[in-house]
Amino acid sequence: MAMTAAERGRQVRERLLTAARELIVERGWRGVTTRTLAERARVAPGLVHYHFGSLQELLGEAAISALRELVRSIGPNFQQASSMSAGLDLMLMALDRYTGDDPMSLLVCETYLASTRDATLRTAVESLLSEFRVVLADWLRDRGCAQPEQTAAVLAAAIDGIMLHRAVDPSLTSGVVAPVLQRVLTGDRDRPRSAMRRSSNRSKRRERS
C-alpha cells in the first residue's frame, strides 16, 4: 500500500532528526552541515529547509528530543522509590549506562556547549530542566524533604555534572558518587564532623595524660 504525502513527510523528518543526532555525536555541533546531513539521511539537500526553518532548528529539535527521552528514562526510577535515599540510588544506577564516551553522553555535552551560544536552544534546555526539577521537587516534598525545590535544583545539577564529567573521568560511577550525595540528601553531613570532634577529643585526652 502506497504511503501518503503526509506519511512520506513524517518519514523524511524522522530520518533527518536521526541523522542529526548521529552527526552531532560524530562531528560536533558545528561540524554538521546541510549537505552532510542530507547525505546521511539519504534525502535531497533542499528537503532539510523544506521541513525545518534552519539547520540550527533541526539540530536543536533532534538534540532536545533525545534529552527529553533521557530525562523520562531517569524519572520513573526515583518515582518508584519510597525513600529519598533509595530514589537517589536508583537515579544514579540508571546513569551508569552512560559512560562518558557513549552517544548519549556526547550528545548531552555538545548540546550544553551549543546552548551557551544559541539563545533559542538555551531556552529549550532550561525548559526541559525546569520540568524535571518540578517532578523531582514534588517527589522530594512527598517524602518529607524540608527544601524540595532547592534540593531538586542541586540534584539535577549534580546529575548533569556527572554526565558531563564522565566524558573526561569515567570513574565517576554510582558507587563513587552515591555515598557523597546520600550524605547531602539525607542529612548525614554531621557524621564526619562528629567523627572529627571525637578524634580531636581523644587527642586532647592523650596530651593531658
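**Overview. The protein chain is built from helices, with zero strands.** In this predicted model, the protein chain has 10 helices, and along the sequence the pattern reads α-α-α-α-α-α-α-α-α-α. Of its 209 residues, 38% count as buried, while the chain as a whole exposes about 12,100 Å², of which carbon and sulfur atoms supply 53%. Among the contacts with a separation of 6 or more, 62% are accounted for by residues 24 or more positions apart.

**Close-up 1. Helix α5 packs against helix α8.** Two packed helices are described by the angle between their axes and by the distance between those axes. For α5 (residues 84-95) and α8 (residues 148-165), the angle is about 25 degrees and the axes are 11 Å apart; because angles under 35 degrees count as roughly parallel, α5 is roughly parallel to α8. The crossing of these helices is right-handed. On the α5 side the contact is made by Leu 88, Met 91, Leu 92 and Leu 95, and on the α8 side by Leu 155, Ile 159, Ile 162 and Met 163. By class, this contact has eight nonpolar residues, with no polar and no charged ones.

**Close-up 2. Helix α6 crosses helix α7.** The axes of α6 (residues 103-115) and α7 (residues 119-142) come within 8 Å and cross at roughly 120 degrees, an angle that makes α6 oblique to α7. The crossing is left-handed. Helix α6 contributes Thr 111, Tyr 112, Ala 114 and Ser 115 to the contact, and helix α7 contributes Leu 121, Arg 122, Val 125 and Leu 129. The residues of this contact divide into five nonpolar, two polar and one charged.

Close-up 3. The C-alpha atoms of Val 177 and Leu 92 are 8.0 Å apart in space, although the two residues are 85 residues apart in sequence.

How values were computed:
Residues numbered from 1 in each chain as written. Predicted model: local features only at pLDDT ≥ 70, side-chain atom pairs only at ≥ 80, totals over all residues. Heavy atoms only, no water. Axes fitted to C-alpha atoms, helices over the stretch in contact; angles between N-to-C directions. Helix = DSSP H or I, 4+ residues; strand = E, 2+ residues; numbered from the N terminus. Parallel < 35°, antiparallel > 145°, perpendicular 65-115°, else oblique. Left-handed = near helix turned anticlockwise from the far one by under 90°. Contact = heavy atoms within 4.5 Å. Nonpolar A, V, L, I, M, F, W, Y, C, P; charged D, E, K, R; others polar. Buried < 20%, exposed > 50% of the residue type's maximum accessible area, 1.4 Å probe, protein only. Areas by Shrake-Rupley, 256 points an atom, 1.4 Å probe, with all protein chains shown as cover.
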